[in-house]
Amino acid sequence: MAKVSIACIAIKDRKILIAKRNPTGQMGSRWEFPGGKAEDGESDETAVIREFEEEFGVKVKVGNPVANAQFKHNGELRELKAYEIFVPHDGIETKYVLTEHTEYKWAEPAEIPQLNFVDSDLLIYPQVVKYLADSIPD
């Protein structure tokens, strides 16, 4: 069975919250949807809340599933599950407290493929864009 990673999709004014990883590790200095690995026995919802609070210092509410994909990381099969999240504020006036990232921003969906984005998150990018289009009509 594949281990689960989660991605947190925060949406504001048709933009998506993305973050740039710290410059260390395999995916250092790359942009991503916030998230991480679910711990053994942890529900997806609990993992989403824990990961975002650890990485950004705020507690979020978890919404609908947005996307999913499978990928291999260091030869191990992983399942990536993305959920819409609702942040208590947008991190602009009151900054988020970052522990795993050097910066964050609210990005236009079309901007994401132009950035040095994490490969696994690019797998779910088309589903995220479709979710955004379906859930927030023009």
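Guide: Eight bridges join strand β1 (residues 3-12) to β6, and the two run parallel. This is a predicted model: local features need pLDDT of at least 70, side-chain atom pairs count only at 80 or more, and totals for chains, interfaces and linings use all residues. Numbering starts from 1 along each chain as its sequence is written, and side-chain values use heavy atoms, without hydrogens or water. Strands (E, at least two residues) are DSSP runs, numbered from the N terminus; they pair if DSSP finds at least two bridges.

Arg 78 belongs to β6, which covers residues 76-86. Arg 78 counts as buried because its relative accessibility is 3% (buried is under 20%, exposed over 50%, partly exposed in between; 1.4 Å probe, protein chains only). The side chain of Arg 78 comes to 3.2 Å from the backbone oxygen of Val 4. Beyond four places in sequence, the contacts of Arg 78 (heavy atoms within 4.5 Å) include Ala 2, Lys 3, Val 4 and Ser 5. Lys 37, Ala 69, Gln 70, Phe 71 and His 73 are also among them.

Next, the turn into β6. Two residues separate β5 and β6 in their hairpin, where Asn 74 has a positive phi near 55°. Most residues other than glycine have a negative phi.

Other loops show positive values too. Asp 13 has phi near 50°. Asp 13 lies in the loop between β1 and β2 (15-21). Asp 13 counts as exposed because its relative accessibility is 63%. Ser 29 has a positive phi near 65°. Ser 29 sits in the loop between β2 and β3 (31-32). At 31% relative accessibility, Ser 29 counts as partly exposed.

Phe 33 sits in the loop between β3 and β4 (35-37). Phe 33 is buried, at 2% relative accessibility. Phe 117 is buried as well, with a relative accessible area of 1%.

Arg 78 touches Val 4 and Phe 71, among others.

Notes: Helices (H or I, at least four residues) and strands (E, at least two) are DSSP runs, numbered from the N terminus. A polar contact is a pair of N or O atoms within 3.5 Å; within protein, one must be able to donate a hydrogen and the other to accept it, and residues adjacent in sequence count only if both atoms are side-chain atoms.
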